[in-house]
Amino acid sequence: LKSLKSAMGSSEQKIKELKQRGYEPVYIWDAEPNEEDLDHKHPFDTHLMVLEGEIEIRIDGKSLILRSGDEIDIPQEKVHYGKAGIMGCKYIVAEKH
C-alpha cells in the first residue's frame, strides 16, 4: 500500500509539473492488454510517462519499449504507433496545444 501511495503521489506531482510546463489537458490512460494504436499523428505535441506495465512506441521505423518511469516526447504531426504490453499499460498523456 505504501508503494501504491508513493506511485500515486509521484503521478500527481508529474501531472502538476506537466501543467506548469504548458501541457493541457493532462490525463491518465489505462490501455487494455495488447491495445494497439496504428500509425497516427496529432496536431499538438504529446508527452507520455508510463506508470504501470509497458508500451511499444514506434517512431521513424524505430521501436522503443517504455516501462514504468520511462517518458517520451512525440512532436506534433509526427507519425507514430503504439501497442500496450500483454499486461496492459497505464500512462500519463499530456498534450500541448
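1. Let's start with Ser11, which is found in helix 1. Please keep in mind as you read that this is a predicted model. With a relative accessible area of 3%, Ser11 is buried, because anything under 20% counts as buried. Leaving aside its neighbours within four places in sequence, Ser11 is in contact with Leu51 and Ile92.

2. Next, have a look at His47. His47 belongs to strand 3, which covers residues 45-59, and is buried, with a relative accessible area of 4%. What do the polar contacts of the His47 side chain look like? One, of 2.6 Å, joins the side chains of His47 and Glu71. Another, also of 2.6 Å, joins the side chains of His47 and Asp73.

3. Not counting residues up to four places away in sequence, His47 touches Lys14, Leu18, Arg21, Tyr23, Glu71, Ile72, Asp73, Ile92, Val93 and Ala94. Several of these names come back in the points below.

4. In soluble globular proteins, nonpolar side chains tend to be buried together. Here the largest nonpolar core has 13 residues, and the members that touch the most other members are Leu48, Ile55, Ile57, Ile72 and Tyr91. Strand 3, strand 5 (71-74) and strand 6 (80-96) are the elements that give two or more residues to this core. Which of them gives the most? Strand 3 does, with 5 residues.

5. On to the charged side chains: the count comes to 6 salt bridges. In one of them, the side chains of Lys14 and Glu17 meet at 3.1 Å, N to O. How are these two residues placed along helix 1? They are 3 residues apart in helix 1 (residues 2-20), so about one helical turn separates them. Lys14 is buried, with a relative accessible area of 9%, whereas Glu17 is partly exposed, at 30%.

6. Arg21 forms a salt bridge with Glu17, and the closest N and O atoms are 3.3 Å apart. Arg21 is partly exposed, with a relative accessible area of 38%.

7. A further salt bridge joins Lys41 and Glu77, with the closest N and O atoms 3.6 Å apart. This pair links distant parts of the chain, 36 residues apart: Lys41 sits in the loop between strand 2 (36-40) and strand 3, and Glu77 in the loop between strand 5 and strand 6. Glu77 counts as partly exposed, at 43% relative accessibility.

Key
Residues numbered from 1 in each chain as written. Predicted model: local features only at pLDDT ≥ 70, side-chain atom pairs only at ≥ 80, totals over all residues. Heavy atoms only, no water. Helix = DSSP H or I, 4+ residues; strand = E, 2+ residues; numbered from the N terminus. Buried < 20%, exposed > 50% of the residue type's maximum accessible area, 1.4 Å probe, protein only. Polar contact = N/O pair within 3.5 Å; in protein donor to acceptor, adjacent residues only side chain to side chain. Contact = heavy atoms within 4.5 Å. Core = buried A, V, L, I, M, F, W, Y, C linked by side-chain atoms within 4.5 Å. Salt bridge = Lys/Arg side-chain N within 4 Å of Asp/Glu carboxyl O.
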